[in-house]
Amino acid sequence: MTADLSKSSRVSPPAAPLTAADIDEAAKRISGVVTRSPLQFNERLSEATGANVYLKREDLQAVRSYKVRGAFNLMAQLSPEELAAGVVCSSAGNHAQGFAMACRSMRIHGRVYVPAKTPKQKRDRIRYHGREFIELIAGGSTYDLAAAAALEDVARTGATLVPPYDDVRTMAGQGTIAAEILEQLDEEPDLVIVPVGGGGCIAGITTYLAERASGTSVLGVEPAGAAR
């Protein structure tokens, strides 16, 4: 499945490089919607490593992940005309839940494309967070096919695509995690370890720390079998 996007202006245009100031602005936008997750000292991991280990508990977000940060920050910057045309995303589950919560919070309608094999639990959570503001469309055997269907939708309807990672507005929202970490610690951390999927979260976190805590190192981690 392919999509001709030349007729649509709703896919993200080239943008200026992401900055820490962008992330500070994102933090203001998402305040009141996104939970300021706790930074908890973990005694077991600290004893095992000989370091003071803290966990940023993004699993305590209403959608159980950080994904709502990026989705809401992007959607909060859309024009009234773009919002009226609707929003679209593709997801294997977590981004869709954040997207759905953002749609309901802003009272705008969105369409979510997920692979046909997406577990019922995740589908139910997407519907729960989006309620009447979400249309869930399942089809295709892989995420790539769901993503292609979302692009076809954008080209056909003029809706705005809300990417899970490859948009600076998404990255800025996800980078607010780093801003919170620096506020919650009494000193700059030596190392921040970030799980890597599409790369949006680590892009935002690295950008912020490079400007605001230059002595902090960042380590990205991913499953051994992850696609490259």
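Start with a charged pair. Arg-169 forms a salt bridge with Asp-167, and the closest N and O atoms are 2.9 Å apart. By salt bridge I mean a side-chain nitrogen of Lys or Arg within 4 Å of a carboxyl oxygen of Asp or Glu. Arg-169 is partly exposed, with a relative accessible area of 21%. Asp-167, at 4%, counts as buried. The cut-offs: buried is under 20% relative accessible area, exposed is over 50%, and partly exposed is in between, with a 1.4 Å probe and protein chains only.

Some ground rules. This is a predicted model, where local features need pLDDT of at least 70 and side-chain atom pairs count only at pLDDT 80 or more, while totals for chains, interfaces and linings use all residues. Residues are numbered from 1 along each chain as its sequence is written, and side-chain values use heavy atoms, with hydrogens and water left out.

Back to charges. How many salt bridges does the structure hold? Twelve. Some share partners: Lys-56, Glu-58, Arg-69 and Glu-180 are joined that way into one network.

Glu-58 bridges to Arg-69, with the closest N and O atoms 2.8 Å apart. Glu-58 sits in the loop between strand S2 (54-56) and H3, Arg-69 sits in helix H3, and the two are eleven residues apart. Helices (H or I, at least four residues) and strands (E, at least two) are DSSP runs, numbered from the N terminus. Both Glu-58 and Arg-69 are buried.

Arg-69 also meets Glu-180 in a salt bridge, 3.0 Å from N to O. Glu-180 is in helix H8 (residues 168-184) and Arg-69 in helix H3, so this pair ties together parts that are 111 residues apart in sequence. Buried or exposed? Arg-69 has 0% relative accessibility, so it counts as buried. Glu-180 is at 9%, so it counts as buried too.

Now helix H3 itself. Nine of its nine residues are buried. Among them are Lys-67, Arg-69 and Asn-73. What covers them? The cover includes helix H1 (20-30), helix H4 (80-85), S3, H5 and H8.

Next, the nonpolar interior. In soluble globular proteins, nonpolar side chains tend to be buried together. A nonpolar core here is a set of buried Ala, Val, Leu, Ile, Met, Phe, Trp, Tyr and Cys residues joined through side-chain atoms within 4.5 Å. The largest one has 25 residues, and those with the most contacts inside it are Met-75, Val-87, Phe-99, Cys-103, Val-112 and Ile-126. Helix H3 (67-75), strand S3 (87-90), helix H5 (94-106), strand S4 (110-114) and strand S5 (134-138) each give two or more residues to this core. H5 gives the largest share, six residues.

Look at Phe-99. Contact means heavy atoms within 4.5 Å. A second, separate core has 21 residues, including Leu-18, Ala-172, Leu-185 and Leu-209.

On to the sheet. It is open, with four strands in the order S5-S4-S3-S6 and parallel pairing. Two strands pair if DSSP finds at least two bridges between them. S5 and strand S6 (160-161) stand at the edges with a single partner strand each, so one side of each has no neighbour in the sheet. S3 and S4 pair over four bridges, in the parallel sense. Cys-89 has Val-112 in S4 as its bridge partner, and Ser-90 has Tyr-113.

How enclosed is S4? Five of its five residues are buried, so S4 is largely enclosed by the rest of the structure. Gly-110, Val-112 and Val-114 lie on one side, Arg-111 and Tyr-113 on the other.

Last stop, the surface. Leu-191, Ile-193, Leu-219 and Val-221 form a nonpolar patch, with about 340 Å² of accessible area together. Strands S7 (191-195) and S8 (217-221) each give two or more residues to this patch. Patch residues have over 30% relative accessible area and no salt bridge; like charges are joined within 9 Å, and nonpolar side chains (Val, Leu, Ile, Met, Phe, Trp, Tyr) within 5 Å. Areas come from the Shrake-Rupley method with a 1.4 Å probe, and for residues only the protein chains shown count as cover. Val-221, in strand S8, is partly exposed at 37% relative accessible area.
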